[in-house]
Amino acid sequence: MKKIVVDGLKYKYPLSEALALQDISFEIEEGEFIGIIGKNSVGKSTLCQALVGLVPHFYKGAYGGKVLVDGLEVRNHSIADISRKVGMVFQNPFTQVTGSKMTVYEEIAFGLENSGLPREEMRQRIDEVLRLMRIEHVKDHSPFDLSGGQMQRMAIASIMAMKPDILVLDEPTSQLDPAGSEEVFQAIQDFSQQGITVIMAEHKMEKIAQYCNRVLLLHEGRLVDFDTAEKIFSREDLKDYGVTAPVYTRVCRALGVKKQGCDGYPVTLEDAELALRRSFA
Amino acid sequence: MHNIDPISKLYYILFAIIIPIILPSFIVSVICVALSVLLLLAAKVIRKTLPVYSFVFLVLITVIVIQGLFRPGNETILFHLGPFAMHKEGLLFALTIVLRVTNIVSAFMLLVLTTKPSDLVESLVRRGMSPRIGYVIVSVFQIIPEMMSTMSTIMDAQRSRGMETEGKLLVRMKAFIPLLAPVVLGSLINTKERAMALEVRGFNSRNPKTYLNEEKTYSYSKWIQVAMLLVTIFAVAWRVFL
């Protein structure tokens with residue numbers, strides 16, 4: 001089933017001359033894990049925000065084309081309605097703290113209170129996401145007293161507790177150390193395996209290659225390519241878009257070792273190891 | 001005191017303001033002030049009230065002096081302050097003002113010093129106040145300290161690049177100017193991002209809201225409110241019939 005359909009999306013921020021998104025069209029199936037890549041300020045965040053309705057409802061500005069999430073046309077529904085289907089986690093964890101709650105536990109409850117969930121269900125869901133994001137030990141702390149990484153996990157937990165069908169993440173691991181971001185990716189993958197559709201803008205290409213089913217490459221507001229990680233990272237012109245392939249891909253490309261049974265280079269450690277062992281055996 | 005419904009405390013403020021208006025006699029005002037002070041004592045917060053009282057009294061002393069010396073209608077001279085004469089009428093009028101102000105300030109402090117702001121706002125939102133206004137009130141208490149700490153970080157950064165931030169008043173004032181742009185712009189950007197984060201968490205949802213915490217049940221709320229209502233009715237009756 002098509003979960004997200006974007007058709008000819010164009011968008012211009014108010015007060016800006018250039019289009020932030022130019023004629024973008026793609027479709028995403030239910031349960032897919034999609035990575036959005038591209039260098040800074042090519043429209044990754046704008047595209048993420050277009051999926052939850054912040055573009056155009058929050059910013060206003062000129063809007064064209066159509067975005068359908070789970071059958072809802074974003075343009076004709078309020079952000080509050082869309083937020084029941086699509087959750088979004090932003091880059092900066094500090095500004096995602098509501099500032100009206102005294103503890104992490106209450107902070108996570110904020111979205112659930114707004115959607116009118118019964119108390120029992122709320123407690124159950126909060127306990128579950130606290131465990132999943134491994135922040136149970138700080139649940140009674142003030143949200144502002146957390147470290148950057150804990151705050152980021154709290155931000156993800158707050159959205160996950162709302163159980164959206166679609167999860168949009170805009171560089172959710174920017175404040176985390178390697179171990180912390182691995183944990184977050186694992187948790188997001190768990191959600192993905194439960195059938196939640198995940199869309200993530202991210203700069204850590206190794207992680208994108210490891211976890212995503214398909215990768216969407218953006219450049220200057222245009223969609224360049226939308227394909228499997230192998231195909232995208234094997235592109236000859238990747239440098240022109242300011243993107244560096246995962247280190248495994250670069251090694252294999254330098255050695256001229258392709259992945260078995262396909263035309264691209266390996267993108268993950270496992271595939272690279274397999275391909276290299278085979279070719280040097 | 002800390003376990004009394006914030007709403008009852010709000011009514012108490014109203015009560016403490018209304019009663020001296022209905023019954024404008026010194027004794028009633030004194031009783032009201034004494035009641036508030038007794039309650040503050042019972043709540044064990046009297047020490048925190050001292051800075052507020054001392055500030056208020058500083059202002060009130062000027063009122064007493066000015067009214068005592070210059071109030072139109074001053075006739076009876078009590079004593080002389082150098083070339084000026086202190087008058088009885090002015091002093092009595094000043095005393096009413098002093099009592100009224102002390103009374104209102106005490107009643108407000110009873111609310112402010114014995115209630116967590118979030119508890120007060122939550123009970124108001126439950127009673128139909130807009131959650132947006134509630135959010136603004138509560139978040140101020142958390143976001144202002146955040147802004148202060150951002151400001152000190154920026155100041156440290158500027159100091160580490162050799163800017164003088166300590167010393168004479170002029171130096172300090174000069175150091176303040178380059179702080180404004182990053183702090184103000186930064187908080188505007190933060191506000192935009194925070195607003196988006198609130199939006200995607202359904203802040204503007206039209207669904208009826210639920211609450212994580214059960215509504216606290218306060219003992220005696222009803223009795224306190226009924227008692228205050230009865231006293232008010234009694235005061236009105238007193239005023240009208242006697």
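In this predicted model, the buried residues of helix 1 of chain B are covered by a set of elements that includes helix 2 (26-42), helix 4 (88-114), helix 5 (117-126) and helix 8 (221-241) of chain B. Among the buried residues of helix 1 are B:Ile7, B:Tyr12, B:Ile13, B:Phe15, B:Ile19 and B:Ile22; B:Ser8 and B:Lys9 are also buried. The helix covers residues 6-22, and at 1.5 Å a residue its 17 residues should span 24 Å. The end C-alpha atoms are 24 Å apart, in agreement with that expectation.

Turning to chain A, we find an open sheet of six strands in the order 6-7-8-3-9-10, with mixed pairing. Strand 6 and strand 10 (222-227) stand at the edges; each has a single partner strand, so one side of each is left without a neighbour in the sheet. From one strand to the next, the twist averages 15°. The partner of strand 6 is strand 7 (residues 166-170), to which it runs parallel and is joined by four bridges. Within this pairing, A:Val86 has A:Ile166 as its bridge partner.

Helix 1 (residues 44-52) of chain A lies across strand 3 (33-37), strand 6, strand 7, strand 8 (197-201) and strand 9 (214-219) of the chain, and runs at about 150° to strand 6.

Leaving aside neighbours within four places in sequence, A:Thr103 is in contact with A:Lys139, A:Asp140, A:His141 and A:Pro143.

Terms used: Residues are numbered from 1 along each chain as its sequence is written. Chains are lettered from A and ligands numbered from 1 in the order in which they are written. This is a predicted model: local features need pLDDT of at least 70, side-chain atom pairs count only at pLDDT 80 or more; totals for chains, interfaces and linings use all residues. Side-chain values use heavy atoms; hydrogens and water are left out. Contact means heavy atoms within 4.5 Å. Helices (H or I, at least four residues) and strands (E, at least two) are DSSP runs, numbered from the N terminus. The expected span of a helix is 1.5 Å times one less than its number of residues. Buried means under 20% relative accessible area, exposed over 50%, partly exposed in between (1.4 Å probe, protein chains only). Two strands pair if DSSP finds at least two bridges between them. Axes are lines fitted to C-alpha atoms, for helices over the stretch in contact, and angles run from 0 to 180 degrees between N-to-C directions.
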